[in-house]
Amino acid sequence: MLVVITAVGPDNVGLADPIIHYVTGLGANIAEIQMYDHDEEAVFAMFLRVHIDADRYNSLRTALTEIGRLKKLSIRVWSADVRRNCPRIAICTTYRSEPAQAVLAAIKAGDIHAIPAVMIGNRDNCKGLAESHGVDWQNIGGEKGEANDERMIEILDQYDVDYVLLARYMRVLPASSCWKYAGGRIINLHHGLLPSFPGIRPYHDANEARMLTFGATCHFIVPELDAGNQIVHQETFSVEPGTKIDEIVRIGQEINEPACLVEGLRRVVAGEVELHFHRVVPRNIRS
């Protein structure tokens, strides 16, 4: 089975060796490894993707948890294969409810085989949506909407989440959070076509560039980059010349963005794609 291992913690000497030695000693084959060592921030992060016999998965988790305790590292061992038929999803929101609503409707209809384990918000705008679908709601926002990123990670761990869905969650995740759930576990909806229209006003930017086709992008989040080869799905719509920007934004927010997120999540949950060396590839095709 394919297993993702992440380790994040205070920088120190000899943090990678015990993890790598144990993994290889268990007979695992390392398919991918990345390490981040930032002296100024005194932060260490490591990502491993390994192949291992399924009957050794629990032993691997137990042993690496102990190594994490001894080395003061936050270690996570995860495999999409454990709950391949019905993974657990965390839906993160801020203001707009349409993308989250579309995902919940697709799950209920059986178009996406997943469990909405928890909804997380830095605002309470989508609390009623969560309650109407019987999904636990957790608010991690302060008075001005500032997010408690450490609390988010605690909640994701508490609910044993497989994938983190940023459904128009309007906060930037810190690199440490991205590392902890690296390996194609964080899925973001951007309300513009990447890489051409990043930023917070992609509809307006595209309109000012005289575009008649607008779109949204569903992509994996990686620690170093927020756009590029991590695109899972893009959804577009076209308008007539002279269409007002308010109407363009309405179509995008109410129709196009939700459709984009649903299809992107479906592809990930169905195991059609995966993230490999920061590239989205069809599952089992890695070159």
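Me: Which element gives the largest share of the lining of the second largest pocket?
Reply: Strand 4 does, with four residues. Please note that this is a predicted model.

Me: What else supplies at least two residues to that lining?
Reply: Besides strand 4 (74–78), helix 2 (57–71) and helix 5 (149–158) each supply at least two.

Me: How much space lies in the second largest pocket, and which residues are closest to its centre?
Reply: The pocket holds about 260 Å³. Its lining comprises 17 residues, and those closest to the centre are R61, V77, W78, D160 and R185.

Me: How do the lining residues divide into nonpolar, polar and charged?
Reply: Eight are nonpolar, two are polar and seven are charged. Domain 1 (2–78) and domain 2 (88–282) each contribute at least three residues to this pocket lining.

Me: Changing topic, how many cavities of 30 Å³ or more are there?
Reply: The count is four. The largest cavity has a volume of about 160 Å³. It is lined by 18 residues, of which W78, A80, Y163, E274 and R283 are the closest to its centre.

Me: Which strand gives the most to the lining of the largest cavity?
Reply: Strand 12 does, with three residues. Strand 1 (2–10) and strand 12 (273–276) each supply at least two. The lining of the largest cavity divides into nine nonpolar, four polar and five charged residues.

Me: And what lines the second largest cavity?
Reply: Its lining consists of E32, Q34, F47, R49, A182, G183, I221, V222, P223, L275, F277 and H278. Strand 2 and strand 3 (43–51) are the elements that give two or more residues. The volume of the second largest cavity is about 80 Å³.

Me: Where does that second largest cavity lie relative to domain 1 and domain 2?
Reply: It lies between them, because domain 1 (2–78) and domain 2 (88–282) both give residues to its lining.

Me: Let me follow up on E32: is it buried or exposed?
Reply: E32 is buried, because its relative accessibility is 2%, which falls under the 20% cut-off. The residue lies in strand 2 (residues 29–38).

Me: Which side chain does the E32 side chain make a polar contact with?
Reply: The partner is the side chain of Q34, at 2.8 Å. Both E32 and Q34 belong to the lining of the second largest cavity.

Me: What does E32 touch beyond four places away in sequence?
Reply: E32 touches F47, L48, R49, H276, F277 and H278.

Notes: Residues numbered from 1 in each chain as written. Predicted model: local features only at pLDDT ≥ 70, side-chain atom pairs only at ≥ 80, totals over all residues. Heavy atoms only, no water. Buried < 20%, exposed > 50% of the residue type's maximum accessible area, 1.4 Å probe, protein only. Contact = heavy atoms within 4.5 Å. Polar contact = N/O pair within 3.5 Å; in protein donor to acceptor, adjacent residues only side chain to side chain. 1 Å grid on protein atoms, 1.4 Å probe; cavity = no way out; pocket = protein on both sides within 12 Å on 5 of 7 lines; lining within 4 Å. Points joined across faces, edges and corners; volume = space filled by probe spheres on them. Nonpolar A, V, L, I, M, F, W, Y, C, P; charged D, E, K, R; others polar. Domains from an automatic or database assignment.
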